[in-house]
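Q: I am new to this structure and would like to learn how its features are read. Could we take them one at a time?

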Amino acid sequence: MRKRQFSHHLGIIIPSAIILFNGFAAWYAVIRFDPYEIKRNFLLAYAYVWLTYYLAIKVPPGYADGLIVKDPNAMYVTCMKCHKPKPERAHHCRVCNRCVLRMDHHCPWTENCVGYANTGHFLRFVGSASALCAYGLYRHVMFFKFVLRYRRHLVRVCPQKSRIYISILGVIGDFVICLTLSILWIRVVLDVLQNQTQIEGWEKERAAILARRKLATKQEFPFDVGFYRNWVLTVGPLYSLLWPNGGPPKVGLNGAGHVFPKFVEKDKRWPPVDSKEVNDHEYYRLDRWINFEGDSLGDYGVDPEADKS
């Protein structure tokens with residue numbers, strides 16, 4: 001039983017160990033010899049990364065749970081798994097076994113869905129962690145530059161060889177994490193600016209192909225209402241960008257999480273409803289289609305059976 005619980009939490013244990021080591025490597029090899037102000041700022045930034053990671057794990061994404069808001073623009077369908085109404089942009093997560101509002105994906109590294117209520121926390125964590133790793137990488141490189149410059153006097157300028165070994169590992173760790181998280185952060189920001197989730201990016205690609213193949217009528221993605229408004233609707237006001245509790249309006253408040261502004265085709269539900277021909281198609285049906293990046297709907301944590309129209 002304990003072994004099963006340990007393996008279940010590996011998704012959190014592994015990133016936590018990496019954050020812990022990268023922070024230790026930067027501190028042990030370089031930062032602890034810096035002036036007080038730099039040490040203080042580094043520790044504050046390091047604590048901020050841990051705080052945002054904790055919030056990305058603990059803050060729920062927002063769940064439909066059968067709630068129906070009284071709004072004439074609200075559109076609901078019945079989930080085929082939990083048999084409760086779910087609004088537009090909500091999907092049934094096969095890991096959480098609940099309908100998640102504006103679901104982006106189920107993240108294995110937070111063991112939590114990224115959705116309407118916690119996209120800002122996820123964005124802050126990924127951004128702060130990649131920035132801190134970039135700073136750590138820079139400091140390690142400067143340390144090696146110093147060591148190479150005074151290599152003839154290495155015993156005097158750097159008597160602890162362990163600093164060099166730890167710094168080498170720190171460079172590797174910071175480079176890998178900074179690169180991967182920076183790519184992820186850019187992707188999340190681009191999605192936010194378009195007011196789309198990773199799942200909706202997948203749906204847009206599939207809808208466009210179905211329209212080109214004459215298997216469905218063309219339907220525009222309706223939720224892109226401009227960069228600034230997209231950002232506010234997804235992450236919250238700009239002044240709250242770095243604030244740990246910053247985010248969109250509370251779920252259910254004036255339809256928040258259930259009703260979203262549209263700029264086109266306001267009377268149509270997104271994604272387009274599949275025809276019987278598409279549902280029976282060997283390749284294009286919801287549980288079989290794979291996008292350009294090689295992802296199926298299930299790769300985002302969605303249960304395709306629950307999303308069938």
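Q: How many aromatic pairs does the structure hold?
A: A pair of aromatic rings is described by the distance of the centres and the angle of the planes. This is a predicted model, and twelve aromatic pairs are found in it. One of them is formed by Tyr53 and Phe125, which are stacked, with 4.6 Å from centre to centre and 25° between the planes.

Q: Where in the chain do Tyr53 and Phe125 lie?
A: Tyr53 belongs to helix α3 (residues 36-58) and Phe125 to helix α4 (residues 119-149). The pair thus links distant parts of the chain, 72 residues apart. Both Tyr53 and Phe125 are buried.

Q: Why is the pair of Phe223 and Phe260 called edge-to-face?
A: The angle between the planes decides the matter, and over 60 degrees counts as edge-to-face. The planes of Phe223 and Phe260 stand at 75°, with ring centres 6.1 Å apart, so the pair is edge-to-face. This pair also links distant parts of the chain: Phe223 is in the loop between α7 (198-212) and α8 (227-234), whereas Phe260 is in the loop between α8 and α9 (276-279), 37 residues apart. Phe223 and Phe260 are both buried.

Q: Which residues form one aromatic cluster with Phe223 and Phe260?
A: The cluster consists of Tyr116, Phe221, Phe223, Phe260 and Trp270. Two of its rings also have a charged side chain over them. Arg89 lies over the face of Phe223, 4.1 Å from the ring centre, and the charged end of Lys204 sits over the ring of Phe221, at 5.0 Å from its centre.

Q: What kind of peptide bond joins Trp270 and Pro271?
A: Most residues other than glycine have a negative phi, and most peptide bonds are trans. The bond between Trp270 and Pro271 is cis, with omega at about 0°. Pro271 is placed in the loop between α8 and α9.

Q: What is the phi of Arg102, and what is that of Lys214?
A: Arg102 has a phi near 45°, a positive value in a residue other than glycine. For Lys214, phi is near 60°, again positive in a residue other than glycine. Arg102 lies in the loop between β4 (98-100) and β5 (105-107), and Lys214 in the loop between α7 and α8.

Q: Is Arg102 buried or exposed, and is Lys214 buried or exposed?
A: Relative accessible area settles this: under 20% is buried and over 50% is exposed. Arg102 has a value of 3% and is therefore buried. Lys214 has 74% and is therefore exposed.

Q: Where is Ile290 found, and what does Ile290 touch?
A: Ile290 is in the loop between α9 and α10 (304-307). Its relative accessible area is 40%, so Ile290 is partly exposed. Leaving aside residues up to four places away in sequence, Ile290 touches Tyr283, Asp295 and Ser296. The C-alpha atoms of Ile290 and Tyr165 are separated by 44 Å, and these residues are 125 apart along the chain.

Q: How many helices and strands does the chain have, and what share of the residues is buried?
A: The chain has ten helices and six strands. Of its 309 residues, 46% are buried. Among contacts between residues at least 6 apart in sequence, 69% join residues at least 24 apart. The chain exposes about 17100 Å², and carbon and sulfur atoms supply 63% of this area.

Technical notes. Residues are numbered from 1 along each chain as its sequence is written. This is a predicted model: local features need pLDDT of at least 70, side-chain atom pairs count only at pLDDT 80 or more; totals for chains, interfaces and linings use all residues. Side-chain values use heavy atoms; hydrogens and water are left out. Helices (H or I, at least four residues) and strands (E, at least two) are DSSP runs, numbered from the N terminus. Buried means under 20% relative accessible area, exposed over 50%, partly exposed in between (1.4 Å probe, protein chains only). Contact means heavy atoms within 4.5 Å. Accessible areas come from the Shrake-Rupley method with a 1.4 Å probe; for residues, only the protein chains shown count as cover. Rings of Phe, Tyr and Trp (its six-membered ring) pair if their centres lie within 6.5 Å; planes under 30 degrees apart count as stacked, over 60 as edge-to-face and the rest as tilted. A charge sits over a ring if NZ of Lys or CZ of Arg is within 6 Å of the ring centre and within 35 degrees of the ring normal.
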